[in-house]
Amino acid sequence: MITKIPKQVIEVLQKIEEQNFEAYIVGGCVRDLIMDKIPNDWDVTTNATPEKIQEIFPDNFYENNFGTVGVKVEKFTEGEGEHDVVEVTTYRIESKYSDKRRPDEVAFAKTLQEDLSRRDFTMNALALRITHNVERETQIKKRSTVHDPRFEIVDLYDGQKDIEQKIIRTVGNAEERFDEDALRMMRAIRFHSQLGFAIEEKTLQAIKKFAGHMQHISQERIKDELVKIILSDNPAEGIEMLHETGLLQFVIPELESGVGIAQNRHHIHTIYKHCVLALQFCPSKKMEVRLASLLHDIAKPQTKRGEGEFATFYNHDHVGARVARKILQRLRFSNEIIEKVSMLVDNHMFYYNPEEVGESSVRRLIQKVGLENMKDLIDVRIADRLGSGTPKAKPYKLRHLEYMIDKLSQDAVSVKMLKINGRDLMQDLGMTPGPKIGAILDVLLSEVIEDAAKNEKEFLLTRAKELDQEDLQKLREMAKEKIEEKKEEDDKEIRDKHWVK
Ligand code: ATP
Ligand code: MG
């Protein structure tokens, strides 16, 4: 186990101890070491003040006032991540919580014991100290045993036992701890879905009792935990538990509207259940694809018309894109993520049937969605299918679509990909710079999307000459008409073949 600690981290500990302060690796990283997992980040705790820490490590950054100094170290890679910072925090106690969010002030503590007592769960209240001459010994890859003379684990709350028995339990009284900081409840559920540990009974009861306190928690903090649930191996478990404990109302209340709402003859699950299962079965590990899988049918409750086998959900994709955007904005996701997820939700109903859909339709889909997003869109579709209880993840149709995308990936779907550009029009046809050039290129593109063989320089120039006879207004209409007309055809196909039947 100890051989898993990077030498950069050990050096930080040693440098602090050389100055006669205490230094421990602490929190989630000790838990991960014990579980033989690769820690996400490395946290060190010490009785040195932030000022002292900065003196010991001149290459640091200290921006907040929570007593945490980021110490720059030589870059090291671990798991999938690269690190060049070790966070060193002065022992703390969190004294007052008048608003259930964050301590009103950070009070430094004198002892490790005090620092451990403020931590959320027993498994996270562990500290590890290196006992002697590690540098030499870590080079020898030795057996890993917990009774290792090279380090000492401080475990005041039986955290190791809880790790062994896979139990999430608060340090001290659960109700008090959740009353201090309501986010801890969501963290319990996050660890449940990440680690597969059970939440101890009193802890679970306290979550149900204090669920309403989540309203005091900032959206940013909620988002961070939600992302960890979504990216865990068992995200459905996490969402279900949020729902059962009453926390989901403060995270994504929109999901609750689908609870108990039946769909139609194409679905065996309720809307809510289907959303959660789609997330669970999402084949992608990307956050945005998982979010889109969870949210793809978010607007089904409000677009449902009729009851029973023949209920319909017209437009739920487009309305859903707007709802998803609102949810993600509220949760303070980045614009990039918001755009991507709402685009995936918006397009998740794309129609594809090899016998009926021609190459031009596929090119239009690629044009709309972007070639770089096609795989993610197909992953959302697979999630959707698997979440419906359909046996085959990737039926012939989707595999065929992948083949088509591959085949058509070189075809022009944007003006940039045409074999001529504005300069050619000016040089060869003597056109003057102006909006007409753009309009002609747009018409040419719409024709090339219809028939990729037309993307030849000679042909396009001849056609451009013809188009140059038309006035700007007319050209714009031509480009628009082509696109609209085709879009309608595609949409009609979706409605007719896939959706209502
Ligand atoms: P991860 O693997 O996601 O990094 P972690 O357990 O390290 O999980 P962090 O959010 O990095 O979690 O926090 C580091 C440590 O700080 C925790 O292990 C815990 O001891 C303490 N901690 C974090 N958030 C809280 C909180 N809200 N209340 C009490 N202690 C907390
Ligand atoms: Mg951590």
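Buried means under 20% relative accessible area, exposed over 50% and partly exposed in between, using a 1.4 Å probe and the protein chains only. Keep that handy for the views below, which come from a predicted model where local features need pLDDT of at least 70, side-chain atom pairs count only at pLDDT 80 or more, and totals for chains, interfaces and linings use all residues. Residues are numbered from 1 along each chain as its sequence is written, chains are lettered from A and ligands numbered from 1 in the order written, and side-chain values use heavy atoms, with hydrogens and water left out.

View 1. Helices (H or I, at least four residues) and strands (E, at least two) are DSSP runs, numbered from the N terminus. Of the 501 residues, 50% count as buried.

View 2. A search of the whole structure turns up zero disulfides, a disulfide being a pair of cysteine sulfur atoms within 2.5 Å.

**View 3. Helices α17 and α19 pack against each other.** Two packed helices are described by the angle between their axes and the distance between the axes. Axes are lines fitted to C-alpha atoms, for helices over the stretch in contact, and angles run from 0 to 180 degrees between N-to-C directions. For α17 (residues 335-347) and α19 (residues 374-387), the angle is about 60 degrees and the axes are 10 Å apart. That makes α17 oblique to α19; angles under 35 degrees count as roughly parallel, over 145 as roughly antiparallel, 65 to 115 as roughly perpendicular and the rest as oblique. At the contact (heavy atoms within 4.5 Å), Lys340, Leu344 and Asn347 of α17 meet Asp376, Leu377 and Val380 of α19.

**View 4. Helices α8 and α10 make another pair.** How do α8 (residues 183-195) and α10 (residues 219-231) cross? Their axes come within 9 Å and cross at roughly 15 degrees, so α8 is roughly parallel to α10. Residues making the contact include Leu183, Met186 and Ile189 of α8, along with Ile222, Leu226 and Ile229 of α10.

**View 5. Arg363 sits in helix α18 (residues 359-369).** Why does Arg363 count as buried? Because its relative accessibility is 2%. Leaving aside neighbours within four places in sequence, Arg363 is in contact with several residues, among them Leu408, Asp411, Glu450 and Asp451.
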